[in-house]
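Please open the model in your viewer, with selection by chain and residue number at hand. The stops below say what to select next and what is there.

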Amino acid sequence: MPAVTARASRRTIDGDFVEAVRYLEREGWTDGLPVIPPTESLVGEMLSHTKHAPDEVLGRMEPLRGTVTVEKVAANAVMAGCEPEYFPVVLASVRAVLQPQFHVGSTACTTGGSAPTIIVNGPIARRLGISGGTACFGGNIKPNATIGRALRLVMRNLGGAKPDGMEKSTQAWPGKIVGCCFAENEARSPWEPFHVSRGHAPESSVVSVVATRGIYPMTEGTQTTGEGVIETLVAAMRYVGTPIFHQMRNRLPLIVALCPEHAQEIARAGFGRQQLCDLLYAEVRLPVRELIGRVYYGARAWPEWIDESDPDARVPIVATPDDIWIVVAGGDGRHSAWMPAWGVCQGAAETIEV
Amino acid sequence: MEQQGRPAVTVVTQAFEGAAVARAAALGLPDHPRVAIAHPLASRRGDEVERMAVAAVAPVVAALVKR
């Protein structure tokens with residue numbers, strides 16, 4: 001095998017900006033959308049926002065085990081359209097997916113079509129303008145779109161999961177292009193920030209990343225009480241057709257992204273975040289009779305206490321209440337969402353170094 | 001397994017053959033043998049899977065012995 005070098009190669013391209021973009025497309029280094037050519041000066045600007053050396057090796061990106069260096073991450077961040085000050089968030093996101101329990105290789109290749117969802121908490125979200133408000137999942141806000149896209153380009157270009165080879169998604173979802181990067185709407189949350197509930201200091205900034213199969217919407221526009229909202233959320237997540245009920249023992253996280261109105265009504269009804277996790281764990285269950293012989297039954301990973309001989313035994317959506325990640329996200333309106341983790345991805349968090 | 005000195009062969013459905021080749025190369029095992037079987041597998045009845053398994057024995061053995 002060729003020797004592994006920690007420095008990215010340099011190439012000279014004749015022609016103008018468009019020629020350079022076309023060259024990058026021909027090399028297979030884009031996601032189908034135009035990119036910013038990663039010139040030495042643009043990559044240098046990106047690198048000026050980290051204390052880490054360009055040739056520092058962060059790990060190998062599965063499935064094809066490309067060497068991930070700080071400089072190569074910076075080049076992909078330039079290509080994605082990131083401003084240099086976004087770079088610490090991109091680096092933290094890359095470190096998160098390189099954690100072993102994220103299982104980045106299998107989540108990048110699976111027929112299930114998962115892509116990373118990045119939740120940003122802490123002061124950096126406000127400073128960079130990472131949105132947790134109106135249309136925050138929609139990708140039409142620059143830091144949300146480009147940070148998510150930078151992580152996807154790193155996974156694609158260094159990990160090698162591309163549609164002509166290792167990428168085997170049956171359908172995938174648009175998160176395969178721009179990921180799904182958003183901030184928690186801490187200003188409109190009735191609870192402490194998500195990262196604080198997970199043991200991080202309030203003044204720290206943190207990314208929490210999970211490979212998810214998509215965004216499952218939950219609309220409740222008629223009920224006027226928190227209890228009524230919860231009933232609709234529970235009914236929406238009792239969903240046959242997602243493998244999470246069969247894979248729950250893998251400790252897959254379930255993101256429940258509540259819109260501010262729903263979150264505030266639930267809090268007014270007396271629920272803290274932990275109580276809501278406990279209630280969802282107890283109620284978001286499907287009976288064994290609805291899961292036998294369906295979806296991923298043959299590969300089910302259920303704890304021993306589930307009695308399969310009882311058709312009415314209830315299988316929870318996750319293994320423990322701690323696997324439910326409740327965040328507040330979105331603007332005005334009455335639309336929340338859930339995002340189940342895929343397959344074997346247990347999610348990962350990283351502190352953003354600023 | 002092969003890196004631990006134990007001869008191995010990968011059985012893969014045809015839809016994943018290209019991915020198996022790429023992954024083997026990434027692991028430094030470009031000549032790692034594989035046997036491709038029909039796709040899809042997951043939706044077949046038990047007796048069909050058994051027939052496919054029986055049919056795969058000879059090529060699996062051949063791939064191991066050839067080495």
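Select chain B, which reads along its sequence as β-α-β-α, that is, two helices and two strands, where helices (H or I, at least four residues) and strands (E, at least two) are DSSP runs numbered from the N terminus. This is a predicted model, in which local features need pLDDT of at least 70 and side-chain atom pairs count only at pLDDT 80 or more, while totals for chains, interfaces and linings use all residues. Residues are numbered from 1 along each chain as its sequence is written, and chains are lettered from A and ligands numbered from 1 in the order in which they are written.

The C-alpha atoms of chain B fill a box of roughly 35 × 25 × 15 Å along the principal axes. Buried residues make up 7% of its 67 residues; a residue is buried if 20 or more other C-beta atoms, placed from the backbone, lie within 10 Å of its own, exposed if 12 or fewer, and partly exposed in between. Among the contacts in chain B with a separation of 6 or more, 63% join residues 24 or more positions apart, a contact being a pair of residues whose C-beta atoms, placed from the backbone, lie within 7 Å.

Still in chain B, go to the loop between β2 (34–37) and α2 (46–65), where B:Pro40 lies; the peptide bond joining B:His39 and B:Pro40 is cis, with omega about 0°. Then show both chains: seven residues of chain B are in contact with nine residues of chain A.

Now move to chain A and select the loop between β1 (57–61) and β2 (66–69), which holds A:Pro63 and also A:Arg65. The bond from A:Glu62 to A:Pro63 is cis, with omega near 10°, and A:Arg65, although not a glycine, has a positive phi of about 65°. A:Arg65 counts as partly exposed because it has 19 C-beta neighbours inside 10 Å.

Next, select helix α4 (residues 87–98) of chain A. Is this helix enclosed or open to the outside? Eleven of the twelve residues of α4(A) are buried, so the helix is largely enclosed by the rest of the structure; among them are A:Phe87, A:Val90 and A:Arg95. Its end C-alpha atoms are 17 Å apart, which agrees with the 16 Å that its twelve residues should span at 1.5 Å a residue, the expected span being 1.5 Å times one less than the number of residues.

From A:Val90, turn to the largest nonpolar core, which has 101 residues and in which A:Ala77, A:Val90 and A:Val207 have the most contacts; such a core is a set of buried Ala, Val, Leu, Ile, Met, Phe, Trp, Tyr and Cys residues joined through C-beta atoms within 7 Å. Leaving aside neighbours within four places in sequence, A:Ala77 is in contact with residues including A:Met46, A:Phe87, A:Val90 and A:Ala150.

Finish at the open sheet of chain A, whose four strands run in the order β6-β11-β7-β10 with mixed pairing, strands counting as paired if DSSP finds at least two bridges between them. The edge strands are β6 (216–219) and β10 (324–328), each pairing on one side only. Between β6(A) and β11(A) (residues 335–340) the pairing is antiparallel over four bridges, and A:Pro217 stands opposite A:Ala337.

Definitions and conventions: Contact = placed C-beta atoms within 7 Å.
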